[in-house]
Amino acid sequence: MSTATAAPSRDDFAALLEESLGETDGFEGRVVKGTVTAIENDLAVIDIGLKAEGRVPLKEFGAPGQDSELQPGDIVEVFVDRVENALGEAILSRDKARREEAWEKLEKAFEKDERVEGIIFGRVKGGFTVDLSGAVAFLPGSQVDIRPVRDITPLMNIPQPFQILKMDRRRGNIVVSRRAVLEETRAEQRTELLAKLTEGDVVEGVVKNITDYGAFVDLGGIDGLLHVTDIAWKRVNHPSDVLSIGQTVKIQIIRINKENQRISLGMKQLEADPWEGIAAKYPSGVKFKGTVTNITDYGAFVELEPGVEGLVHVSEMSWVKKNVHPGKIVSTSQEVEVMVLEVDPDKRRISLGLKQCLENPWESFAENFTPGTQVEGEIKNITEFGLFIGLPGDVDGMVHLSDLDWNRSGEEAIEEYKKGDVVKAVVLDVDVNKERISLGIKQLEGDPFASVAGLKRNARVTCTVKEVNDGGIEVEVGEEGYTAFIRRSDLSRDRAEQRPDRFSVGDKVDAMITSIDRSSRKVGLSIKALEVAEEKEAVQQYGSTDSGASLGDILGAALQRAQDTADDDKAN
């Protein structure tokens, strides 16, 4: 043996080791093929061509949620972490091998925007984990399905397609979506189905969802909206009153909008239209019975038959109750008698009246209380233009300011009344059409003006002083006590005697009627005019100043004659 052979150098030892183990630099960090030599305690012993063997857990060879079916002699691919550890074994990993292989395939699929197959196998915060042939991806909860899924259990541990939304190999992050696949598939199905459907078709569908405004019906890959107004001819308060989720219904295609892929459906279109010939069925002026189906601020809807409703406007609900909410007059489901007022078949509208089926209190009042009749009632309200008085039949009558008092102004007379007072009045007029009753309080007494209205201008009247003031005197004339005013300038012919203070309340004075205005009910009086008239009369009867007699003589003779006539009348 040579010296070199007996004592090998360091280089010789390295060459011998390389010869024994083979080239190892190309193995670490790579995926290589190996042969399963044995199965020991849930571990697979794998020979990758090196002198050292590696052990890999059997679970790494099984699909998520499934057991491994690996047998000795099987050829497998594994990832070599290290060629030899402290125990002289190769550090191998089937998971890393599958992951490396999967990443390459996934990157190609991501670049081509292709779908990939995966298995949902676990839950994490905000979503789920998906095995993509070895690579683990994140599936957000919002990307599981088109609609929220309460229980995802049926979707787990089964192969299904996914769309890669985002991936980062350096960080090892992959985000996938199942929803994107479903939407794409659904869009293809919708397009295909839309091409087959035409407006007017009668098809079957399954109710998938119910909202306040209608129901969504699955037509076999595409949804259509069945609006609440197209469910039935009669009023449907809520779709859930008629439909239920999962129910199979027969519907008609009403409209198809291919641009936004929306389909409008109808159920009532499959039934006879109850509005056909409606005008002949419900003529105006005829009474019918119906059921109150809905109450609003402006009236109540009454169903005359299934699918046919009419509106009783709030103004047609009561003869006497004004500005009252319809809910205080009728209630839902109440059976009522109504009269048809108007029918509009084109607009599908029927105007109904409730009060027309009740006795008109205005007509009853007009029959029982003719003008001139005296009534009694409580003051319901006081306004700037008069009093409102409650009358029999639950109707109100009005006393205008001008009908409160003969002599005083309405503003002055109304001050003595207050709400709640019971007063008497006279019916002046009843207008049934306008629902107005005119009353008068001053008409309870005789009209003072009537006692002087028959007199003529220049007539002489005797008055009683009622009030004295600086401007003149207020007097009463006639049997009814009509009040008139004599101005200061008309108190005497002599200016010195035009003093109101020379009169006292209760004095009797004679005056002449200078004017009568029947429209304004005013009579003008003047003592001065009476004196001037008497002077003229005396001059005519007893001569003139030209005959030599003085005015004093003439007036004295006239006064004496008047006195003699008065004495004769008194003696008789």
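## Hairpin and its neighbour

Strands β14 (residues 248-257) and β15 (residues 262-266) pair in the antiparallel sense over five bridges; pairing requires at least two bridges found by DSSP, and strands are DSSP runs (E, at least two residues) numbered from the N terminus. This is a predicted model, in which local features need pLDDT of at least 70, side-chain atom pairs count only at pLDDT 80 or more, and totals for chains, interfaces and linings use all residues. Residues are numbered from 1 along each chain as its sequence is written, and side-chain values use heavy atoms, without hydrogens and water.

Ile-256 has Ile-263 of β15 as its bridge partner. Four residues separate the two strands of this hairpin, and Gln-261 in the turn has a positive phi of about 55°. β14 also pairs with β11 (residues 202-211), antiparallel, through five bridges; there Glu-204 stands opposite Lys-250.

## Barrel

Five strands close into a barrel with mixed pairing, in the order β16-β17-β18-β20-β19. From one strand to the next the twist averages 50° (axes are lines fitted to C-alpha atoms; angles run from 0 to 180 degrees between N-to-C directions). β18 (residues 308-313) and β20 (residues 349-353) run parallel and share two bridges, with Leu-311 partnered by Ser-351.

## Largest pocket

The largest pocket holds about 700 Å³. A pocket is an open set of points on a 1 Å grid over the protein atoms alone, where a 1.4 Å probe fits, with protein on both sides within 12 Å along at least five of seven lines; lining residues have an atom within 4 Å of a point. Of its 27 lining residues, Arg-235, Trp-275, Phe-301, Glu-309 and Arg-348 are the closest to the centre. β18 gives the most to the lining, five residues.

Notes. Points joined across faces, edges and corners; volume = space filled by probe spheres on them.
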